[in-house]
Amino acid sequence: MKTLPGVPPWAEHAAMAAALTNVPSALWRLAIAAGIPVGLASSEYDQMHAPGWGSFYLVGLSLAAEFFAVLALGLVQSWGETWPRWMPYLRGRPVPVLMATVLAGFGTLATTAFGAMFVYTSLNADMRASTWGAWLLNIVYAPLLLWGPLLGAVTVHYYRRRTAVTPRPGPSGYGSH
């Protein structure tokens, strides 16, 4: 997918960064689901039932988070302005600006709150992990602090770009004496 003309590079980079903020934590969860040690105590794996049936939850959470993160790209690409061909009943129709902006705005609030809760929890959690495991956990989840602000910036740009009034050329000679 290509970025739309008129989208400044900062908005394209911010949308891509927002889409990638979940990758480190998703890989960490997938490692736990597969039974790869990430420095947590055995009791933490037992509590998550991983590896085991809890692995389905960890994989599902990783996929869902990345799905929602990738939606940020729609704010700078054509599928955020016109419904894609594969969408029955909607294909080819314009994506309502207000709907996309409100949903992205709620996403901005939710991801910002999640980032703040992560910081609070990581500072106050009683998680049993090795020193390197605790560092790894913080490193892989730290990019999520950027998800909300990046999504918010791209959302504001999307709204302004989609609602900008383009001046129509006036009659020739208008304003001349």
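**A walk through the model**

Tyr89 lies in the loop between α4 and α5. The names of such elements come from DSSP runs, with helices (H or I) of at least four residues and strands (E) of at least two, numbered from the N terminus. This is a predicted model, in which local features need pLDDT of at least 70 and side-chain atom pairs count only at pLDDT 80 or more, while totals for chains, interfaces and linings use all residues. Residues are numbered from 1 along each chain as its sequence is written, and side-chain values use heavy atoms, with hydrogens and water left out.

Phi of Tyr89 is near 70 degrees, a positive value in a residue other than glycine. Tyr89 counts as exposed, because its relative accessibility is 74%. The cut-offs are these: buried means under 20% relative accessible area, exposed means over 50%, and partly exposed is in between, with a 1.4 Å probe and protein chains only.

The loop between α3 and α4 holds His49 and also Pro51. His49 has a phi near 55 degrees, again positive in a residue other than glycine. With 36% relative accessibility, His49 counts as partly exposed. Ala50 and Pro51 are joined by a cis peptide bond, with omega at about -5 degrees.

Next comes helix α4, residues 54-70. The expected span of a helix is 1.5 Å times one less than its number of residues. For the 17 residues of α4 this gives 24 Å, which agrees with the 24 Å between its end C-alpha atoms. Which residues of α4 are buried? They are Gly54, Ser55, Leu58, Ser62, Ala65, Glu66 and Ala69. These residues are on the same side of α4, because they cover an arc of only 115 degrees around the axis. The arc is that of the directions from the helix axis to the C-beta atoms. On the face of α4 turned away from the buried side are the exposed residues Phe56, Tyr57, Leu63, Phe67 and Phe68. The buried residues are covered by elements including α1 (9-20), α2 (23-34), α3 (42-48) and α7 (144-163).

Asn22, in the loop between α1 and α2, is buried, with a relative accessible area of 2%. Leaving out residues up to four places away in sequence, Asn22 touches Ala65, Glu66, Ala69, Leu144 and Trp147. Ala72 is in the loop between α4 and α5 (97-124), and Ala72 is buried, with a relative accessible area of 2%. Under the rule that leaves out residues up to four places away in sequence, Ala72 touches Ala15, Ala18, Leu151 and Val154.

Helix α5 has 28 residues and reaches 40 Å from its first C-alpha to its last, close to the expected 40 Å. Its buried residues are Val97, Ala100, Thr101, Ala104, Thr108, Thr111, Gly115 and Phe118, and they pack against α6 and α7.

In α6, Gly133, Leu137, Val140 and Tyr141 are buried. Their arc around the axis is only 90 degrees, which puts them on the same side of α6. Thr131, Trp135 and Ile139 are exposed on the face turned away from that side. The buried residues of α6 pack against α2, α5 and α7.

A nonpolar core is a set of buried Ala, Val, Leu, Ile, Met, Phe, Trp, Tyr and Cys residues joined through side-chain atoms within 4.5 Å. The largest one has 36 residues, and Trp28, Ile32, Val38 and Tyr141 touch the most other members. Two or more residues of this core come from each of α1, α2, α4, α5, α6 (131-141) and α7. Val38 touches Trp28, Ala31, Ile32, Tyr45, Trp132, Gly133 and Leu136, not counting residues up to four places away in sequence.

The elements giving two or more residues to the lining are α2, α4, α5 and α7. The largest share, eight residues, comes from α5.

Technical notes:
Contact means heavy atoms within 4.5 Å.
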